[in-house]
Amino acid sequence: MKNEREMKPRDKGDVPDDPLSRMRHSASHVMADAVRRLRPNAKVAIGPSIETGFYYDFDTEPFEPGDAERIETEMRKIIAENLPFTRRVVSRAEALALFESRGEKYKVEIINSIPENDEVSYFQHGDFIDLCRGPHVERTGDIKAFKVLSFAGAYWRGDERNAQLQRVYGTAFGSEQELKDYLARIEEAKRRDHRVLGKQLDLFSTDDLIGPGFVLWHPKGAFVRYQIEDIIRRENVRRGYDLVYTPHVAREELLETSGHLAHYKENLFGGMELDGQRYLVKPMNCPFHAAIYRSQLRSYRDLPLRYSELGTVYRYERSGVLHGLLRVRGLTMDDGHLFVREDQIGAEMTACLTFSLEMLKLFGFENFDLFLATRPESYMGELDAWDRAEATLRGVLEATGRPFEVDVGGGAFYGPKIDLKIKDALGRHWQCSTFQLDYQIPERFKLEYVAQDGTRKRPVMIHRALLGSMERFIAVLIEQHAGAFPLWLAPVQARVLSVSEKAAAYADEVVAALRSAGLRVEADNSADKLGAKIRRAQVDKIPYMLVVGEKDMAARVVSPRTREGQQQPAEAIESLCRRLADEARPPLPGILAAAPGAPGAPAAPPVTSG
């Protein structure tokens, strides 16, 4: 189909055959050569190109900040030598002898893991030899603009039981201007980093006494989360979902029945013994929702049944991949599970997708990419059911008229899915929303409904996450807005700044009036000068600073100033209350208004793709 593109999974070490990826892969070899020239005893591991550049792992002592410049200087020398990249195919025995003689134990391990019938090859430039399938540029001089970016630790083969290596990240582009633009985006990304802003704005934290990957939501961050969750609950109810709550632990048999024990075991937390039974902390909400469904016999007239839960789950993520709110061990999913008849799948899947797009638009995300994720290597169930499910989802995507990619093997173990990746203000993609079609769990739980002809039939299950986990979505939201939340979402919408002690009582009066209008306001009556108060409010990303002095008090007005520095005309308290209250309303029609189609209800906003 013209709106479909296949995206096949890459084996570790494979490089896409496009000019930029080839150049970046070649740059990783040059970087490894430079490190070996500077540190002859360093052992090389792997060094692929990645979406943003390249990296290489080394078994050596940790790098220091000044090493980046030294590595870059050595790389320039190698590039100036304009050495050719030459490829040689060798026997396994010859490859083992070569890399054993060079003391490259990681390359030896890789060679021993290559299937017997696979070709073994290496690339060489100058004296540097690297086990590699390629492809590469012709000569080192073909590498244009490059930069060594950062250092990090990394476990060999991603397993924390293995040796910890030193990873060097870099990037390369076809021109200096492209590199300059990319480095500017990196600096902007640092400015928007949700971990930095989370601390600066007092939104959340973690504590080693609790453990890595578990988030403490501070009052301001908790309020942002509350606002999002409140909207999700309201909209779910408005669209025909029933709210449910489920436990955080269950007997091991529940996850054995659902298939999670067999297919998701590496992500499960250790269990506990209670009354002679083994219990596990829940990694998913779906088995619990299946249990609610089977609590009574259902009729075809009852379907679709739509359950919604902001359910907290716990998944073991290795410490090396934990990253602020983006990768955590305790997360709350805006989960929905729909139990439908076969003839209802298309309409319900389309409604789920539309629902998600409208929610993303509410939070400022207009650009996205769609993916059809197909059967993975580890799956459960019959191929016929998988084929039907994949064909159905393909039809849903094609009906949207939007382009999509096929993520071969990217589905869940119980069914294929539609993934929606949002694009933020810096053009970065984030996986949040997902919609999965599942014939397997209803079968394993023996779920039934009474059909119109009186026979018993299996429902089909749709797993639906509108925004994904609250943690990840809020991280993306913080970075999208650089911490400057829109007025309706900001935990503090305005701060009243008194010019002098004499105006402090009037500042408190203004706060009380605005709070009575439903606004979230606080006062800064400290003894600091007004300039310091303004700077503090700007650092705190407060949308409005309301300056009050003795003249304002006499005239019963307030002098508003935006966080962007725009000074607005003085305004009466009553007028300001009405204006800010109106501006602070959530922008999505229907959440606090009549349902679509009702008299006087606003039209639903159009959804656009980037």
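**View 1. Phe363 and the residues that it touches.** Leaving aside its neighbours within four places in sequence, Phe363 is in contact, meaning that heavy atoms lie within 4.5 Å, with Ile228, Leu467, Phe473, Leu477, His481, Trp488 and Leu489. This is a predicted model, in which local features need pLDDT of at least 70 and side-chain atom pairs count only at pLDDT 80 or more, while totals for chains, interfaces and linings use all residues. Residues are numbered from 1 along each chain as its sequence is written, and side-chain values use heavy atoms, with hydrogens and water left out.

**View 2. The largest nonpolar core.** A nonpolar core is a set of buried Ala, Val, Leu, Ile, Met, Phe, Trp, Tyr and Cys residues joined through side-chain atoms within 4.5 Å, where buried means under 20% relative accessible area (1.4 Å probe, protein chains only). The largest such core has 64 residues, and the members that touch the most others are Ile228, Phe363, Leu420, Leu437, Leu467 and Phe473. Helix H11 (residues 345–362) gives the largest share of this core, nine residues; helices (H or I, at least four residues) and strands (E, at least two) are DSSP runs, numbered from the N terminus. Apart from this core lies another, of 29 residues, which includes Met23, Phe85, Phe128 and Val137.

View 3. H14 is mostly covered, since ten of its twelve residues are buried, among them Phe473, Leu477, Glu471 and Glu479. Ala482, which follows H14, has a positive phi, near 55°.

**View 4. The lining of the largest cavity.** A cavity is a set of points, on a 1 Å grid over the protein atoms alone, where a 1.4 Å probe fits but cannot get out, and its lining residues have an atom within 4 Å of a point. The lining of the largest cavity consists of Ile232, Arg233, Asn236, Leu243, Val244, Tyr245, Ser308, Glu309 and Leu310. Helix H7 (219–238) and strand S17 (305–314) are the elements that give two or more residues to this lining.

**View 5. Glu405 in strand S20.** Glu405 is found in strand S20, which runs over residues 404–407, and this residue is buried, with a relative accessible area of 18%. The C-alpha atoms of Glu405 and Ile418 are separated by 9.9 Å, although these residues are 13 residues apart along the chain.

Notes
Buried < 20%, exposed > 50% of the residue type's maximum accessible area, 1.4 Å probe, protein only. 1 Å grid on protein atoms, 1.4 Å probe; cavity = no way out; pocket = protein on both sides within 12 Å on 5 of 7 lines; lining within 4 Å.
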